[in-house]
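Please look through the sequence and the structure shown below before reading on.

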Amino acid sequence: MATFPDLIPALPEIFLAVAAMALLLVGVFRGEGSLRLVSWLAVAVLICTGYLAVTGPGVAERSVTFNGLFVTDPFAVFAKLLILTASGLSIILSINYLEKERVARFEYPVLVVLATLGMMGMVSANNLIALYVGLELQSLALYVLAAFKRDAAKSSEAGLKYFVLGALSSGLLLYGSSLVYGFAGTISFDRLAEVLANGPSLGVVVGMVFVAAGLAFKISAVPFHMWTPDVYEGAPTSVTSFFAVAPKVAAMTLFIRVLVGPFGDMLAQWQQVIWFCAAASMVVGALGAIQQKNIKRLMAYSSIGHIGYALVGLSAGSQEGVRGVLIYLAIYLAMNVGVFAIILSMRQNGRAVEEVADLAGLSKTHPMMAFAMAIFMWSLAGVPPAAGFWGKWAVFLPAIQSELYILAIIGVIASGISCYYYLRVIKVMYFDDVTETLDRPAPVTGVVVAAAALFVFPVYIFFLSPITSGAAAAAASLFSLR
Amino acid sequence: MADVPILSLTTFLPLVGALFIFLIRGEEQNVARNAKSVALWTSIITFIVSLFILTGFDPSNPGFQMVEEVAWLPAFNIAYIKGVDGVSVWFVLASTLLTPICVMASWDAVEKRVKEFMIALLVLETMLIGMFTALDFVLFYFFFEGVLLPMFLLIGVWGGPNRVYASYKFFIYTFVGSVLMLLAILAMYLTAGTMDMRVLVDFNFPGNMQIWLWLAFFIAFAVKTPIWPAHTWLPFAHVEAPTAGSVMLAGVMLKMGGYGLIRANIQMLPEASFYFQDLVFVMSIGAIIYTSLVALAQTDMKKMIAYSSVAHMGYVSMGIFTMNQQGLDGAMFQMLSHTFVSAALFLCIGVAYNRLHTREMAAYGGMAKNMPRYAVVFAIFMFASVGLPGTSGFVGEFLTMLGAFQANTWVGLFAATGLVLGAAYMLLLFRKLFFGKLDKPEVKAMQDLNWREVTLFAPLVAIVIIMGVYPASFQNVYNPTLEKILADHQASLQAAGLIEAQPTQTAHVTQETVPAAHVGQPVADQASEN
């Protein structure tokens with residue numbers, strides 16, 4: 001007799017799914033010109049979802065429903081809050097951009113909400129099938145978003161590229177899952193952990209590596225990063241700003257859950273994989289960005305590098321390491337939202353520009369914006385006293401603790417190299433002369449930029465303690481099963 | 001004293017001033033004028049406040065004083081701890097004294113974006129004071145790196161023609177140097193379980209680990225000090241930086257390296273310091289002789305002073321690693337002396353540069369005739385730099401040499417040749433600028449020092465001469481601290497020597513360094529009575 005599943009743990013997701021449909025209806029009935037309304041409604045929906053997540057049962061303890069397919073725990077709640085924040089801010093920042101680019105269609109916020117739903121499903125997955133469902137829901141929405149500006153060849157190209165490579169990675173992931181199922185006999189994360197505690201068979205190891213490869217594609221870790229610069233550059237900037245944060249956070253947390261949960265006892269096997277991905281991502285991110293002239297491509301390489309740093313924490317394989325990754329992601333979110341808010345408002349005479357050189361002399365024409373950008377660059381480079389330093393601190397500490405000295409040294413040297421291109425942005429803004437003035441940013445963009453900049457320096461000092469304890473509780477909940 | 005958090009007050013007062021300047025709005029000329037006066041008053045008030053640190057400081061107490069402690073990040077065991085001891089207190093005062101001088105020196109020299117310039121200068125001051133007073137290693141690293149941004153902007157925005165290259169080189173060199181220090185700090189934290197420098201100073205790290213930690217710290221501080229061969233960023237940074245930037249760079253920022261070497265390498269990693277002593281000697285000698293020769297070949301006067309800075313810091317690193325009373329005392333004194341002398345020399349060059357807008361020595365000549373005041377001031381600092389008795393430079397160089405001769409005669413011998421070379425290039429510089437025929441029309445038209453420039457130099461002249469004539473006034477403040485550092489250092493070497501199964505090493509330690517400390521005492525007293 002099948003009993004009716006407990007819906008309370010999954011309430012935020014259910015609410016979000018229903019609300020997404022409702023938003024779609026609102027859009028359809030209001031027709032063209034409803035972007036603003038739907039967008040702000042979507043933001044309200046995301047805030048409500050966040051409220052439900054925070055007040056739900058997952059905050060205090062682990063609760064499982066749908067026959068063990070779905071789990072919510074402090075780890076999931078922490079990740080969901082990050083994802084919801086990133087999605088909400090991305091929608092707010094997109095409105096003006098979409099209107100100016102004449103692609104103001106109400107489907108945009110709805111697609112973002114659906115992608116967010118997929119991400120929340122990923123974060124709460126407790127089963128390889130649930131993982132795949134969440135991942136595909138997210139990915140499908142993202143493919144459409146990348147090609148959202150369908151009249152522009154570049155946008156369509158980005159969408160197609162992302163789709164083809166994304167489908168390939170999904171295939172890898174599915175293949176890996178099937179191998180794991182075949183050799184371990186189960187797809188439930190809890191059962192897998194029990195089965196694999198006695199040592200994995202070779203087939204499971206191969207399967208795990210395929211799953212890891214599929215997920216590494218989603219977080220754009222080297223050597224699965226090739227799509228990132230092209231998609232970042234081709235997609236509409238508002239979509240890029242969304243890509244840069246929320247999906248990365250979701251895939252990263254999913255990655256952590258899979259590796260630490262079911263494959264927790266295979267640390268010796270996956271640690272080498274993650275070690276390599278981390279080292280290679282940091283180095284490629286640092287070297288690849290040096291030659292970039294387009295600021296979106298630059299940020300693409302920057303995000304590859306940052307994923308490398310986050311993976312340093314994961315490769316430590318310890319509770320402190322997971323805590324470090326979560327802190328890193330929280331700070332990464334603030335920095336990237338701020339940078340993309342500025343990139344979104346880069347327009348000259350109403351035309352969007354995206355070359356680094358277009359920022360020339362920004363400190364004279366828009367001193368506040370330049371100052372904020374300088375803070376973000378400073379923070380991305382990981383130089384104290386900006387917040388980015390703490391992210392590095394939080395991931396390198398467990399790496400040293402787990403005696404990954406070489407990885408840590410590669411990491412800090414890569415961060416030294418990456419300073420070069422972050423400084424180049426500051427140099428262009430502060431040292432060079434004005435070529436053409438940028439337009440005034442929209443007020444709402446200004447508010448987001450100011451808030452993000454103030455957070456990155458110096459307000460974060462007061463938030464560091466709660467973020468750290470939240471991340472610690474999240475990491476602890478993940479490790480308490482073992 | 002514990003009621004008023006005077007160290008935090010001194011640290012963050014300039015930041016408040018910077019915030020005020022940030023909020024100034026209006027016409028460009030008014031903004032510039034107001035920014036200048038706010039910066040001047042803030043820095044003067046900060047200096048006055050910092051004087052209370054000196055008056056409240058008890059020289060006989062070798063430990064940390066005026067300690068402030070606030071919990072910050074319990075998850076990582078990081079706290080906001082501040083305090084000063086004999087080693088750091090002078091550097092705090094040097095920072096607060098040089099900042100108003102820099103503001104005055106930039107009064108007319110900086111013409112574009114005055115507001116931002118003053119903000120950068122005040123933020124730089126906050127970072128410097130914060131670094132010298134931080135007692136938590138993370139806080140220390142925070143301020144240590146925080147110095148980079150204002151300095152990067154000072155060089156890059158207000159610098160000379162090659163400013164972009166110089167600012168990049170400065171930044172990347174120092175940043176890459178210090179990231180390894182971050183890893184070392186992490187490793188220390190994981191071993192000792194705390195970031196509190198007061199605890200780490202007494203913590204006994206395993207010998208093998210000390211080697212790696214030492215190397216990481218040494219690279220960071222060697223780049224900052226700079227010790228040959230990691231000095232190549234310095235000449236570019238100095239040459240391109242505006243006068244105020246050069247003054248802060250030479251005056252205080254280079255001392256961050258020396259301070260760090262004493263605090264981290266000597267105090268926390270005594271065994272590794274002993275192990276690497278010869279390496280540092282070789283590098284210091286390299287710095288002293290090589291950079292002196294390079295200085296001799298320069299035609300750009302700022303570059304010459306920049307290379308002389310490297311040579312002088314070579315005495316500092318040599319003195320620190322002699323690890324005897326005279327050497328350490330001399331290194332401290334040399335650092336302080338260099339703070340004022342090199343700052344003053346860069347100001348002197350700034351005076352000439354503001355009038356003629358070239359740093360080529362060949363463009364000047366015969367200035368002793370039409371600028372007698374300038375010539376006198378320049379001569380005083382030139383002699384101090386050379387190490388003439390009666391000036392501050394003499395005491396520092398003499399004591400470091402004394403220490404070096406005790407540690408290793410050859411080191412002392414080579415270091416002594418540096419003195420000769422130093423005299424050679426400084427006299428050459430002076431001759432080219434001030435003697436000879438006054439036949440260039442544009443040099444003839446140059447005005448002598450005005451009242452503002454005289455006020456700028458007056459305190460520096462006074463300090464340099466007081467330090468030369470009555471060095472004990474400065475030494476008394478830091479000597480008890482240095483004695484304790486040395487005693488701790490030798491105690492841990494002995495302990496390690498006893499643990500180690502190599503009898504030759506042990507004999508070496510006990511026979512050589514311990515008597516040296518006893519013999520050293522009266523000599524130091526004699527020197528301080530000079």
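This is a predicted model: local features need pLDDT of at least 70, side-chain atom pairs count only at pLDDT 80 or more; totals for chains, interfaces and linings use all residues.

## A hairpin in chain B

In the hairpin formed by β1(B) and β2(B), there are 4 residues between the strands, and N77(B) takes a positive phi near 60°. Strand β1 (residues 65-73) of chain B and strand β2 (residues 78-84) of chain B pair in the antiparallel sense, and the pairing runs over 6 bridges.

Two of the residue pairs can be named: E69(B) has I81(B) as its bridge partner in β2(B), and A71(B) stands opposite A79(B) in β2(B). Strand β2(B) is mostly covered, with 5 of its 7 residues buried. In a regular strand the side chains alternate between the two faces of the sheet.

The model as a whole scores ipTM 0.85 and pTM 0.89. Chain B averages a pLDDT of 84, and 93% of its residues score at least 70. Among the elements of chain B, helix α4 (residues 114-133) has the highest mean pLDDT, at 90, whereas helix α23 (residues 503-529) has the lowest, at 42. Over residues 498-530 of chain B the pLDDT is below 50, and this stretch has 34 contacts in the model beyond near neighbours in sequence.

Helix α14 (residues 301-322) of chain B has 22 residues and reaches 32 Å from its first C-alpha to its last, which is close to the 32 Å expected at 1.5 Å a residue. Helix α14(B) is mostly covered, since 21 of its 22 residues are buried, and it is followed by M323(B), whose phi is positive, near 55°.

Helix α17 (residues 372-386) of chain B has 15 residues and spans 21 Å between its first and last C-alpha, close to the 21 Å expected at 1.5 Å a residue. This helix, α17(B), is also described as mostly covered, with 11 of its 15 residues buried, and the buried residues include Y374(B), F378(B), F381(B) and S385(B). An α-helix has 3.6 residues a turn, so residues three or four places apart point the same way. Which elements do the buried residues of α17(B) pack against? They pack against α14, α15 (325-356), α16 (367-370), α18 (392-407), α19 (409-434) and α21 (451-469) of chain B. Just after α17(B), G387(B) takes a positive phi of about 95°.

Helix α9 (residues 227-234) of chain A has 7 of its 8 residues buried, so it is largely enclosed by the rest of the structure. The buried residues of α9(A) are W227(A), T228(A), P229(A), V231(A), Y232(A), E233(A) and G234(A). What covers them includes α5 (128-146), α6 (153-184), α10 (237-260) and α12 (295-316) of chain A.

Q291(A) and P367(A) are 76 residues apart in sequence, and from C-alpha to C-alpha they are 26 Å apart in space.

## The nonpolar core

The largest nonpolar core has 402 residues, and among its members A146(A), V249(A), L329(A), V456(A), L183(B) and F381(B) touch the most other members. Helix α13 (residues 319-344) of chain A gives the largest share of this core, 19 residues.

For V456(A), leaving aside its neighbours within four places in sequence, the contacts are A334(A), M335(A), G338(A), I375(A), F376(A), S379(A), A386(A) and A387(A).

## Where the two chains meet

Between the chains, 25 residues of chain A are in contact with 24 residues of chain B. On the side of chain A that touches chain B, the elements that give two or more residues are α16 (388-401), α17 (405-430) and α18 (443-479) of chain A, and α17(A) gives the most, with 11 residues. By class, this side of chain A has 18 nonpolar, 6 polar and 1 charged residues.

Technical notes:
Residues are numbered from 1 along each chain as its sequence is written. Chains are lettered from A and ligands numbered from 1 in the order in which they are written. pLDDT is the predictor's confidence in each residue, from 0 to 100. Two residues are in contact if their C-beta atoms, placed from the backbone, lie within 7 Å. The expected span of a helix is 1.5 Å times one less than its number of residues. A residue is buried if 20 or more other C-beta atoms lie within 10 Å of its own, exposed if 12 or fewer, and partly exposed in between; C-beta atoms are placed from the backbone. Ala, Val, Leu, Ile, Met, Phe, Trp, Tyr, Cys and Pro count as nonpolar, Asp, Glu, Lys and Arg as charged, and the others, Gly among them, as polar. Two strands pair if DSSP finds at least two bridges between them. A nonpolar core is a set of buried Ala, Val, Leu, Ile, Met, Phe, Trp, Tyr and Cys residues joined through C-beta atoms within 7 Å.
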